[in-house]
Amino acid sequence: MSKWAMSQRRAARLAGCDAKTLRRSPKRRDEAIRERLRYHAAERRRFGYRRLGLLLAREKIAMNHKRLYRLYTEEGLAVRRRRGRKRATGTRAPLVVPTRPNERWSLDFAADTLRCGRRFRILVVIDDATRECLAAVPDTPIGGVRVARELDAIVRKRGRPKTIVSDNGTELTSRAVLGWTNATGVGWHYIAPGKPQQNAFAESFIGRLRDECLNEEVFDTLAEARRSIARWRRDYNDTRPHTSLGGKTPAEAARSFGDGRPGLVDGPAAHPLGQGDAHAHGEQRHHGHAPERGGACRP
């Protein structure tokens, strides 16, 4: 403008912009929000803007998805695509060994196959203080919504834990699980990638489950697998001695805390056992019968 001796209005008209943009520079009013967004993005490197928005909502920072996405892109926080083999991206703070029931739960998945080769997964939830198996839910598939529903079923009977420990699987970092933790106030600790030993309680239980139950039997149907796993879980909680508990069972260890609460879930919330299955827990399994509807393998 000084070179051509033009007024601001004429220069803005020639440039095709509003004259107000030349008279003052915009001031950011959302620097605190951007700082919290950058902090959570650094802590959760694989979270997109929607999950980061859920974390901000816990801090009473509310905004619509359009503004959130604008701040997310302006800060350059887009999740980068992984290339090459996976590597650990850092460590988390070590966890203290729990001393009371419901102080910390461990959550993980086991996998097995039916006779026909169809795969299914088992959602496992362990109380780290008492070593109780709170749930062992076989099904296919098990997504984040199902995980939240099963946790609700346990909480209704046992109460909420302070913390849940799990790996970084897609089901456990889903929006459904993050929404559940946001609604319940339960802390969720993700172990470092490639470090299953940080979830040692669940891994140890899955090893026993596989050695004493899954590797001992061949399942024709999913319903048969549910009955067998539920029967073994009751034996694990009520009868099987646990060396780390001084030879006590997990149920006896829970009573020794003065809790007196059984708090165990007998089956999956979405697939309760029918009347015909109620007495089948005490019977031996028989192979060669006709496949059951719903969980049978296709020929």
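**Figure 1. Arg45 is partly exposed, with a relative accessibility of 45%.** Here, buried means under 20% relative accessible area, exposed means over 50%, and partly exposed is in between (1.4 Å probe, protein chains only). Arg45 is found in the loop between helix H3 (31-43) and H4. Its C-alpha is 7.1 Å from that of Val79, although Arg45 and Val79 are 34 residues apart in sequence. A word on what you are looking at: this is a predicted model, in which local features need pLDDT of at least 70 and side-chain atom pairs count only at pLDDT 80 or more, while totals for chains, interfaces and linings use all residues. Residues are numbered from 1 along each chain as its sequence is written, and side-chain values use heavy atoms, with hydrogens and water left out.

**Figure 2. The whole chain has 11 helices and 5 strands.** Helices (H or I, at least four residues) and strands (E, at least two) are DSSP runs, numbered from the N terminus. Of the 299 residues in the chain, 41% are buried. Contact means heavy atoms within 4.5 Å. Among contacts between residues at least 6 apart in sequence, 66% join residues at least 24 apart.

**Figure 3. Helix H4 (residues 49-58) meets helix H7 (residues 175-184), with axes that come within 10 Å and cross at roughly 0°.** Axes are lines fitted to C-alpha atoms, for helices over the stretch in contact, and angles run from 0 to 180 degrees between N-to-C directions. H4 and H7 are therefore roughly parallel to each other; angles under 35 degrees count as roughly parallel, over 145 as roughly antiparallel, 65 to 115 as roughly perpendicular and the rest as oblique. On the H4 side, look for Arg50, Arg51, Leu54, Ala57 and Arg58; on the H7 side, Arg175, Leu178, Gly179, Thr181 and Asn182 make the contact. These residues divide into 3 nonpolar, 3 polar and 4 charged. In this scheme Ala, Val, Leu, Ile, Met, Phe, Trp, Tyr, Cys and Pro count as nonpolar, Asp, Glu, Lys and Arg as charged, and the others, Gly among them, as polar.

**Figure 4. Helix H6 (residues 144-158) packs with H7 at an angle of about 30°, their axes 7 Å apart.** That angle makes H6 roughly parallel to H7. H6 brings Gly144, Val145, Val147, Ala148, Leu151, Asp152 and Val155 to the contact, and H7 brings Ala176, Val177 and Trp180. By class, the contact of H6 with H7 has 8 nonpolar, 1 polar and 1 charged residues.

**Figure 5. Aromatic rings pair up in this chain, with a count of 8 aromatic pairs.** Rings of Phe, Tyr and Trp (its six-membered ring) pair if their centres lie within 6.5 Å; planes under 30 degrees apart count as stacked, over 60 as edge-to-face and the rest as tilted. Tyr49 and Tyr69 are edge-to-face, 5.0 Å centre to centre with 65° between the planes. This pair links distant parts of the chain, since Tyr49 in helix H4 and Tyr69 in helix H5 (residues 65-74) are 20 residues apart. Tyr49 is buried at 14% relative accessible area, whereas Tyr69 is partly exposed at 43%. Ring pairs also link Tyr49, Tyr69 and Tyr72 into a cluster.

**Figure 6. Arg121 lies over the face of Phe109, at 4.1 Å from the ring centre.** A charge sits over a ring if NZ of Lys or CZ of Arg is within 6 Å of the ring centre and within 35 degrees of the ring normal. Arg51 likewise lies over the face of Phe47, at 5.8 Å from the ring centre.
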